[in-house]
Amino acid sequence: MRVNCVGAVILDAAGRILLVQRGRPPGVGLWSVPGGRLEPGEDDEAGVRREVLEETGLRVEVGPPAGVVERPGPGGVTYVIRDYHATVTGGTAAAGDDAADVRWCTPADLARLPLTEGLLETLTGWGALPA
């Protein structure tokens, strides 16, 4: 079974990327971009806005696609994750919903944090990280 998901690649003016620490499976304890499953009838843009708000307390404007990845899940599920660039338009960053923590990370931070499998390579390959 394929499960449609979305995620947000959000950079601030200082060149940091917004990451959330997963509070629930899959990937509990690992850091990734905010995102999750689409709800029935929800389009990608609405899903990105909802997921970012639920997980981080931030409102965003959804921009162009960053890329698509497929990740295996439990029970033979495949998560099809469409990530989008997004820009913060309001709110205050605070962990919520299934996020255990949220933080703005420098590229150096990414080398030290336990990231979800393939995240750093994928973002680098997409050219989505600041130089």
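Predicted model: local features only at pLDDT ≥ 70, side-chain atom pairs only at ≥ 80, totals over all residues.
Residues are numbered from 1 along each chain as its sequence is written, and side-chain values use heavy atoms, with hydrogens and water left out.

User: What makes strand 2 and strand 3 a pair?

Analyst: Two strands pair if DSSP finds at least two bridges between them. Strand 2 (residues 17–22) and strand 3 are joined by 2 bridges in the antiparallel sense, so the pair meets the cut-off. V20 has S32 of strand 3 as its bridge partner.

User: Why are strand 3 and strand 7 said to stand at the edges?

Analyst: The open sheet has the order 3-2-7 with antiparallel pairing. Strand 3 (31–32) and strand 7 (99–105) each have a single partner strand, so one side of each lacks a neighbour in the sheet. Strands here are DSSP runs of E with at least two residues, and helices are runs of H or I with at least four, numbered from the N terminus.

User: What is the order of the sheet formed by 4 strands?

Analyst: That open sheet runs 4-1-6-5, and its pairing is mixed. Strand 4 (35–37) and strand 5 (58–72) are at its edges, because each has a single partner strand.

User: How do you know that strand 5 and strand 6 pair?

Analyst: Strand 5 and strand 6 (residues 78–91) run antiparallel and are joined by 12 bridges; the definition asks for at least two, so they pair. P65 stands opposite Y84 in strand 6.
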